[in-house]
Every structure is written in C-alpha cells, then in structure tokens.
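The entries follow in the order in which I looked things up.

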Amino acid sequence: MMNLIELKRKWKSEETHAFKGWDFSYIDGRWDSEDLPWNYRSIVLSSLKNTDKLLDMGTGGGEFVLTLKHPQALTSVTEAYPPNVKICKEKLEPLGITVRQVYEDDKLPFENNYFDIIINRHESFDAYEVSRILKKGGYFITQQIGGKNDYDLSSRLIDNFQPQFPNHTLNNSVTELKMDGFEILKSEEVFTPIYFYDVGALVYFAKIIEWEFPGFSVDTCFENLSKFQKKLETDGVIQGTEHRFLIVAQKI
C-alpha cells in the first residue's frame with residue numbers, strides 16, 4: 001500500500017493528465033455507471049422522419065448526430081466549445097451539415113419556425129428560444145444532467161460546496177416548456193449510481209467537470225481525498241449518484 005506522499009504524487013499526475021474532447025477512455029475500467037431506463041437514440045429515431053429539418057444542440061464533435069444517418073442537407077448542429085467547433089467544421093461541414101457556433105442560449109442563429117425536430121443531449125437551453133426556431137407541431141427531445149448530479153461526491157470532496165444549478169430539475173424544466181407553448185409527451189427522471197475503483201480516477205473526473213467540483217485540486221482537497229482513500233480500502237469502491245432526466249415535448 002502506498003503511503004500518503006506516494007498517493008499525492010500519483011493523484012497530481014492524474015490531475016494534470018491531458019483531456020481532449022469529451023472522452024473518458026483514459027479511466028476505462030476504473031469507473032462505471034448504470035444504464036439509463038430509456039434509450040435516447042431510439043426515442044429520437046422514433047420521432048425523426050427523413051424529410052425533417054433536424055437540429056442537434058451541443059453536438060460536441062458530431063459523434064451522436066452522425067449515428068442517426070439523417071440526410072445531411074437537412075441536418076444542422078450547434079456547439080459552443082471552440083475546439084469542438086473546429087472539429088465540426090472540419091468533419092461535418094464537408095458532408096453538407098450546417099455548423100453554427102453559439103455563445104448564448106437565448107440567441108440561436110436560425111430563423112423562426114425553421115426546424116421540424118430539435119434534439120439536445122446534456123446541453124443547456126432556453127425554452128423560449130427553442131420554441132421560436134421550432135415549427136408548430138415540431139418535437140423537442142432532451143436528455144439533461146440534473147442539478148443534483150454527483151452532489152454526494154462534490155459535497156464530500158469540496159469544503160462548503162454549493163451546487164451551481166440546484167434548480168435544474170425535471171419539474172422546473174417541464175414548467176418552463178409549458179409556459180413557452182409546449183405539450184409534454186414524455187418525462188422521466190432518475191438517480192443512478194456511479195462507481196470509482198481508485199481515487200486517481202475520481203481526481204481525473206473531478207478536475208474535468210469543474211462546474212460540479214469548483215476549485216478542486218489535489219492540494220486543496222488532499223485531506224478529503226485521503227478520506228476517500230480510506231473509504232476505498234474498506235469498501236473497495238467509491239459510490240456517488242448521477243441525476244438525469246428526459247423530456248419529449250411538442251410545440252402546440
């Protein structure tokens with residue numbers, strides 16, 4: 001068993017390991033989470049017709065939208081993160097997919113009543129603006145990371161932790177969408193476990209997801225990391241809780 005000095009050296013190495021895109025493969029086998037009770041892709045495909053104008057909000061590098069195999073001339077994507085915008089322009093634009101960089105949720109660069117279906121996986125949104133660019137009868141399908149995501153880990157790791165988005169819940173999002181002219185066809189919310197099998201994997205995870213672990217560093221959180229290490233040696237796992245919700249809405 002490594003002593004605390006050796007552990008700190010190892011954890012600081014994890015803290016500085018390079019992260020690209022939204023790829024956690026570096027810690028494969030060192031963490032795990034449970035499948036959600038719904039299949040986002042299947043839900044999207046069940047509402048998507050070949051003639052639809054489709055928008056994928058917060059597309060990342062376009063990985064998911066390409067799996068839909070939707071006609072590319074009818075497909076648009078938005079992305080805010082500059083490195084991903086660059087990837088999208090290099091990978092998606094040559095295929096005929098429209099790529100737009102966005103800066104604010106309430107200012108989407110599209111005409112009124114333009115899209116037949118808007119999809120959104122883990123991207124923030126403004127309900128009024130989504131309604132503005134969606135045709136009457138069109139669908140908005142979103143899977144969101146709830147405001148209580150990883151709260152039990154964050155509160156044990158960060159002293160005096162305060163969640164940044166405590167009101168980001170299914171009920172509040174449903175209320176906002178209804179106020180902006182949507183009928184809710186499906187809504188579901190779940191809390192599922194997430195597991196870490198070594199503290200270094202948690203360090204890597206916490207450093208990346210800085211909005212859930214504000215101010216995190218091995219130096220500032222070393223005492224709490226050491227407590228996690230003791231917990232791991234006793235239980236063999238560190239367990240937290242993920243918060244997800246799904247909404248399928250139709251503009252009326």
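I looked up Phe115 and noted it as buried, at 0% relative accessibility (buried is under 20% relative accessible area, exposed over 50%, partly exposed in between, with a 1.4 Å probe and protein chains only). The model is predicted, so I took local features only at pLDDT of at least 70 and side-chain atom pairs only at pLDDT 80 or more, while totals for chains, interfaces and linings use all residues. Residues are numbered from 1 along each chain as its sequence is written, and side-chain values use heavy atoms, with hydrogens and water left out.

Ring pairs. I searched the whole structure and got 15 aromatic pairs. Rings of Phe, Tyr and Trp (its six-membered ring) pair if their centres lie within 6.5 Å; planes under 30 degrees apart are stacked, over 60 edge-to-face, and the rest tilted. Phe24 and Phe205 make a tilted pair, because their planes stand at 45°, with the ring centres 5.8 Å apart. I noted that this pair links distant parts of the chain, 181 residues apart: Phe24 is in the loop between α1 and β1 (31–33), and Phe205 is in helix α8. Helices (H or I, at least four residues) and strands (E, at least two) are DSSP runs, numbered from the N terminus. Phe24 is buried at 11%, and Phe205 is buried at 3%. Tyr114 and Phe115 pair edge-to-face, at 4.8 Å centre to centre and 85° between the planes. Tyr114 is partly exposed, at 29% relative accessibility. I also found a cluster in which ring pairs link Phe24, Trp31, Phe196, Phe205 and Phe213.

Charges over rings. I counted a charge as over a ring if NZ of Lys or CZ of Arg is within 6 Å of the ring centre and within 35 degrees of the ring normal. Lys53 lies over the face of Tyr114, 4.2 Å from the ring centre. Lys8 lies over the face of Phe222, at 5.1 Å.

Cores. A nonpolar core is a set of buried Ala, Val, Leu, Ile, Met, Phe, Trp, Tyr and Cys residues joined through side-chain atoms within 4.5 Å. Which members of the largest core touch the most other members? I got Leu157, Phe213 and Phe216, out of 28 residues. At least two residues each come from α1 (4–15), α6 (151–157), β7 (182–196), α8 (199–208) and α9 (222–235). The most come from α8, with eight residues. Apart from this core I noted another, of 20 residues, among them Val130, Phe140, Leu170 and Ile247.

Asp52. I placed Asp52 in the loop between α2 (40–47) and β2 (54–57). Asp52 is buried, at 4% relative accessibility. Its side chain reaches the backbone nitrogen of Lys49 at 2.9 Å. Leaving aside neighbours within four places in sequence, I listed contacts of Asp52 (heavy atoms within 4.5 Å) with Ser47, His70, Leu74, Asp116 and Ile117.

Positive phi. Lys69, not a glycine, has a positive phi of about 55°. Lys69 sits in the loop between α3 (63–67) and β3 (75–79) and is exposed, at 71%. Asn113 has a positive phi near 50°. I found Asn113 in the loop between β4 (98–101) and β5 (115–121), partly exposed at 45%.

Conventions: A polar contact is a pair of N or O atoms within 3.5 Å; within protein, one must be able to donate a hydrogen and the other to accept it, and residues adjacent in sequence count only if both atoms are side-chain atoms.
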